[in-house]
Amino acid sequence: TIVAVDVSLSTSAPATWAELKRRATAAVAGAPAADLVGVVAFDDRGHLVVAPSADRDEARAAIDALVPGAGGTRYAAGVGAAVEALRGGRGRIVVVTDLQQGGWQGAERIDVPGGVDVSLAAVPAAPANLAVTAVRHDEGLTAVVQNYASGPRSAVARLRVDGELDIRA
């Protein structure tokens with residue numbers, strides 16, 4: 001069983017993050033006793049945090065140590081990294097996410113081998129969630145920010161290029 005945990009910016013609301021970690025830990029506990037368990041973290045990139053192992057405490061500790069970052073949600077990155085972690089074998093992937101609708105935009109095809117079951121452990125998105133849904137670079141930089149709250153919001157936006165703060169608006 002590979003637990004793929006969404007660590008994108010949209011999961012950073014405190015209640016969302018707490019519930020996401022609770023469901024990820026429950027996925028480890030719910031894995032069949034004979035399964036090795038691994039952990040993948042993903043945002044716009046996926047990476048193996050804990051290789052499949054019989055040590056469930058290591059998987060739980062890894063989930064507890066995860067923190068949400070500033071990346072966007074890309075389901076293909078998480079599922080792709082989880083498929084790689086299974087090394088072509090049979091198994092189960094549990095994707096723990098807040099179901100950001102933009103997570104499949106621009107997604108490349110992911111081949112999930114036969115014998116691999118993919119399931120979802122979805123947490124409700126924060127009711128006042130903001131999402132960058134498009135960015136265009138021409139003479140300047142234009143970002144489209146979608147407000148999923150019931151009323152107006154104000155926020156500070158920051159652009160980082162290669163990890164360095166470039167613009168603050």
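Q: Where is Trp17 found, and why is Trp17 called buried?
A: Trp17 is found in helix α1. Buried means under 20% relative accessible area, exposed over 50%, and partly exposed in between, with a 1.4 Å probe and protein chains only. Trp17 has 11% relative accessibility, so it counts as buried. This is a predicted model, where local features need pLDDT of at least 70 and side-chain atom pairs count only at pLDDT 80 or more, while totals for chains, interfaces and linings use all residues. Residues are numbered from 1 along each chain as its sequence is written, and side-chain values use heavy atoms, with hydrogens and water left out.

Q: What makes a residue a contact of Trp17, and which residues are in contact with Trp17, leaving aside its neighbours within four places in sequence?
A: Contact means heavy atoms within 4.5 Å. With those neighbours left aside, Trp17 is in contact with Asp6, Val7, Thr11, Leu66, Val67 and Pro68.

Q: Why is Thr11 called buried?
A: The relative accessible area of Thr11 is 0%, so Thr11 is buried. Thr11 is found in the loop between β1 and α1. Helices (H or I, at least four residues) and strands (E, at least two) are DSSP runs, numbered from the N terminus. Leaving aside neighbours within four places in sequence, the contacts of Thr11 include Trp17, Leu20 and Asp98.

Q: Which residues of helix α2 are buried, and how do you know that they line one face of the helix?
A: Helix α2 spans residues 56-65, and Arg56, Ala59, Ala62 and Ile63 are buried there. Seen down the axis of α2, the buried residues fall within an arc of 125 degrees, so they line one face of the helix. The arc is that of the directions from the helix axis to the C-beta atoms. Asp57, Asp64 and Ala65 are exposed on the other side of α2. In general, an α-helix has 3.6 residues a turn, so residues three or four places apart point the same way.

Q: What covers the buried residues of α2?
A: The cover includes β1 (2-6), α1 (14-29), β2 (37-42) and β3 (46-53).

Q: What makes Asp55 a cap of α2?
A: A side-chain oxygen of Asp55 lies 3.1 Å from the backbone nitrogen of Asp57, at the N-terminal end of α2. A polar contact is a pair of N or O atoms within 3.5 Å; within protein, one must be able to donate a hydrogen and the other to accept it, and residues adjacent in sequence count only if both atoms are side-chain atoms.

Q: Why is Arg87 called exposed, and what is its phi?
A: Arg87 has a relative accessible area of 71%, so Arg87 is exposed. Arg87 lies in the loop between α3 and β4. Its phi is positive, about 50 degrees, although Arg87 is not a glycine. Most residues other than glycine have a negative phi.

Q: Why is Leu99 called partly exposed?
A: Leu99 has 45% relative accessibility, so Leu99 counts as partly exposed. Leu99 lies in the loop between β4 and β5 (116-122). The phi of Leu99 is positive too, near 60 degrees.
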